[in-house]
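Take a look at it below, then read on for the main points.

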Amino acid sequence: MRPAFTLSVYIARQFTFATLAVISFLTGLITMFDFIDLLRRVSTRPNVPTSLVSQIALLHVPFACLEILPFGVLLGGIICFWRLARSSELVVARAAGISAWQFLAGPVICAVLIGATATTCISPLSSIMYRRAEALDRQYLRDSNGKSLNLSGGTLWLRQGDNGLVDHGVDIIHARRVRLSGGVLRLGAITIFRMGPDDGLITRLEAENGYLGKGRWILNATHQLRPDELPEDMGRVTLPADLTLAGVEESFASPDTLSVWALPGFIRQLNRSGFSTIRHRLHFQTLLTLPVLSGTMALVAAGFSMRPARRGGVVRMISFGVAAGFALFAISKIAAQFGETGALPPLLAAWAPTGAGLCLAVTLLLHLEDG
């Protein structure tokens, strides 16, 4: 048992170094292409400095690391096991009576720990940095017309353009109660600050309730408050709205800007408000599958790259392994699309590709070890 444990630790160390090196390389490659794409977008905006491009690209690094991690584990595992097989270390281990299941325990555990670390530690960091990158992108690189929306603590904050009082005016809408009922967005305890282009307050509206109609906000029991004037009863008031209900739902926090710890609370909040939670539940389940998917990729790498070099066909088997990784990645994305459309439950869309990959890896290793 002692030789098997020592060998497993040795292979786990080699596997971890190779995997982290591949993940770092792929993350750097993605960041470089992201930087080039941002430079292309900035070329049409002479007032945006290049330092901002570098900042946004660096803020995307943890997100890119999370996206590439399963494939990095696969490639790192293939490199590690191929080197061990080429140097006949795995052949010697088997000749000593150590089975593949014994010396693969260490690498698989390391892969699961890498995935768990990504889910629990890198995911919160990625969400914070990605949220900041999105804010900078929206502020400097997109034509957002000043629109922004946030659902926090059960209340709604919305910023939109308003040319009703002055040109290039702005409305800031705050609703203490938000509810989606019968396909209509209904608000309660509403406060609207109507401001000029210099963010100077022009007037304030207080309404008991209201809702979003076609291209307009309809407010009931409204009172208008102007600086140095008494409140004025306005009754029913209509204001222009440059958002649709679909736009409101799409404007809520992107799942990528929420960590695995924040997602359950946000999902409950959306459920209470009556909004769709499919995208957020799918992203939450995807983060939960990351440790299992990483362990699965380690097994797939072992199954395709432990073939002894003297038997030939090693390059072909490694090519099959890379192709299998790409296929699993493509299936995961296709299943995610089905999940976002509601054709598949988010739980099934996130876990089914991982389960299929695990079955493939176990089958390969059974055939390799006991076939």
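Helices (H or I, at least four residues) and strands (E, at least two) are DSSP runs, numbered from the N terminus. What you're looking at is a predicted model, where local features need pLDDT of at least 70, side-chain atom pairs count only at pLDDT 80 or more, and totals for chains, interfaces and linings use all residues. Residues are numbered from 1 along each chain as its sequence is written, and side-chain values use heavy atoms, with hydrogens and water left out.

**The big picture**

- Take the contacts (heavy atoms within 4.5 Å) between residues at least 6 apart in sequence: 62% of them join residues at least 24 apart.

**The nonpolar cores**

- A nonpolar core is a set of buried Ala, Val, Leu, Ile, Met, Phe, Trp, Tyr and Cys residues joined through side-chain atoms within 4.5 Å.
- The largest one has 47 residues, and F15, V73, F81, F103 and M306 have the most contacts inside it.
- The top contributor is α3, with 12 residues.
- There's also a second, separate core of 28 residues, which includes V178, I190, V237 and F266.

- T296 sits in helix α9, which covers residues 278-305. T296 counts as buried because its relative accessibility is 0%.
- Skip the neighbours within four places in sequence, and T296 is in contact with T354, G357, L358 and A361.
- L293 is in helix α9 too, and with a relative accessible area of 11% it is buried.
- Beyond its neighbours within four places in sequence, L293 is in contact with P70, L328 and T354.
- L293 and A111 are 182 residues apart in sequence, yet their C-alpha atoms are 8.8 Å apart in space.

**Salt bridges**

- A salt bridge here is a side-chain nitrogen of Lys or Arg within 4 Å of a carboxyl oxygen of Asp or Glu, and the count comes to 5.
- One of them joins the side chains of R40 and D37 at 2.8 Å, N to O. Both residues lie in helix α1, 3 residues apart, about one turn of the helix.
- R40 is exposed because its relative accessible area is 52%, whereas D37, at 30%, is partly exposed.
- Another pairs D137 with R41 at 3.0 Å, N to O. D137 lies in helix α6 (residues 105-140) and R41 in helix α1, so this pair ties together parts that are 96 residues apart in sequence.
- D137 counts as buried at 4% relative accessibility, while R41 is partly exposed at 24%.
- R194 and D171 also meet through their side chains in a salt bridge, at 3.7 Å, N to O. That pair links distant parts of the chain, with R194 in strand β4 (residues 184-195) and D171 in strand β3 (residues 169-181), 23 residues apart. Both R194 and D171 are buried.

**Aromatic pairs**

- Rings of Phe, Tyr and Trp (its six-membered ring) pair if their centres lie within 6.5 Å; planes under 30 degrees apart count as stacked, over 60 as edge-to-face and the rest as tilted.
- The structure holds 2 such pairs. The rings of F63 and Y130 have centres 4.6 Å apart and planes at 35 degrees, so this pair is tilted.
- F63 is in helix α3 and Y130 in helix α6, so to speak a link between distant parts of the chain, 67 residues apart.
- Y130 counts as buried, at 13% relative accessibility.

**A patch on the surface**

- F25, L29, M32, F33 and I36 form a nonpolar surface patch, with about 500 Å² of accessible area together.
- Patches are made of residues with over 30% relative accessible area and no salt bridge; like charges are joined within 9 Å, and nonpolar side chains (Val, Leu, Ile, Met, Phe, Trp, Tyr) within 5 Å.
- I36 lies in helix α1, which covers residues 2-42, and counts as partly exposed at 46% relative accessibility.

How values were computed. Buried < 20%, exposed > 50% of the residue type's maximum accessible area, 1.4 Å probe, protein only. Areas by Shrake-Rupley, 256 points an atom, 1.4 Å probe, with all protein chains shown as cover.
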